[in-house]
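Here's a quick tour of a protein model.

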Amino acid sequence: MRSKEDSNRKKEQNMDQKQKKLTVDQENCIGCGTCIALCPDVFAFNKDGKSYVKDQEACENCDCQSAIDSCPVGVIHWDDKTKKEQNGQPQ
Ligand code: SF4
């Protein structure tokens, strides 16, 4: 059972994540699939076998931090939404 403190921490984390954009540095993604296995609603493979963020909003239903922490090459990041950057969606 979750404590009130844990619940508040999760709410704060979700609010913080809404301010940021989840990105994958595809140049360095090795296509291992770990992020997709952990957060299949959020990540998917593109046609080149690299991970991309298909639905950032879905991260409220899982724990994207696990995917970020588990990426063997550390290429998943939270970026400031104000930055202009590709999010690696298929073209
Ligand atoms: S866990 Fe990292 S290296 Fe593996 S597919 Fe996802 S982004 Fe790519």
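A residue counts as buried if 20 or more other C-beta atoms lie within 10 Å of its own, exposed if 12 or fewer do, and partly exposed in between, with C-beta atoms placed from the backbone. Keep in mind that this is a predicted model: local features need pLDDT of at least 70, side-chain atom pairs count only at pLDDT 80 or more, and totals for chains, interfaces and linings use all residues. Residues are numbered from 1 along each chain as its sequence is written.

- pLDDT is the predictor's confidence in each residue, on a scale from 0 to 100.
- The protein averages a pLDDT of 82, and 69% of its residues score at least 70.
- Confidence is lowest in helix H1 (residues 4–18), with a mean of 60, and highest in strand S2 (residues 43–45), at 98.
- Where pLDDT is low, the predicted coordinates should not be read in detail.

**The overall layout**

- You'll find 3 helices and 4 strands here; helices (H or I, at least four residues) and strands (E, at least two) are DSSP runs, numbered from the N terminus.
- Going along the sequence, the pattern reads α-β-α-β-β-α-β.
- Of the 91 residues in the protein, 18% are buried.
- Two residues are in contact if their C-beta atoms, placed from the backbone, lie within 7 Å.
- Take the contacts between residues at least 6 apart in sequence: 64% of them join residues at least 24 apart.

**The nonpolar core**

- A nonpolar core is a set of buried Ala, Val, Leu, Ile, Met, Phe, Trp, Tyr and Cys residues joined through C-beta atoms within 7 Å.
- The largest one has 14 residues, and Cys35, Cys39, Val42, Phe43, Val53, Cys64 and Ala67 have the most contacts inside it.
- Strand S1 (20–24), strand S3 (51–53) and helix H3 (64–70) are the elements that give two or more residues to this core.
- Not counting residues up to four places away in sequence, valine 42 touches Val53, Lys54, Asp55, Gln56, Ala58, Cys59, Cys62 and Cys64.

**Around the ligand**

- There are 14 residues around the ligand, and Cys29, Cys32, Thr34, Cys35 and Cys71 come nearest; a residue is near a molecule if its C-beta atom, placed from the backbone, lies within 6 Å of it.
- This shell has 10 nonpolar residues, 4 polar and no charged.

**The loop between H3 and S4**

- Proline 72 sits in this loop and is exposed, because 9 other C-beta atoms lie within 10 Å.
- Leaving out residues up to four places away in sequence, proline 72 touches Ile30, Cys32 and Thr34.
- Valine 73 is in the loop too, and with 11 other C-beta atoms within 10 Å, it is exposed.
- Beyond its neighbours within four places in sequence, valine 73 is in contact with Asn28 and Ile30.

**Strand S4**

- Tryptophan 78 belongs to strand S4 (residues 76–80) and is partly exposed, because 16 other C-beta atoms lie within 10 Å.
- Tryptophan 78 and glutamine 19 are 59 residues apart in sequence, yet 9.4 Å apart in space, C-alpha to C-alpha.
- Aspartate 80 is in strand S4 as well, and is exposed, with 9 other C-beta atoms within 10 Å.

How values were computed:
Nonpolar A, V, L, I, M, F, W, Y, C, P; charged D, E, K, R; others polar.
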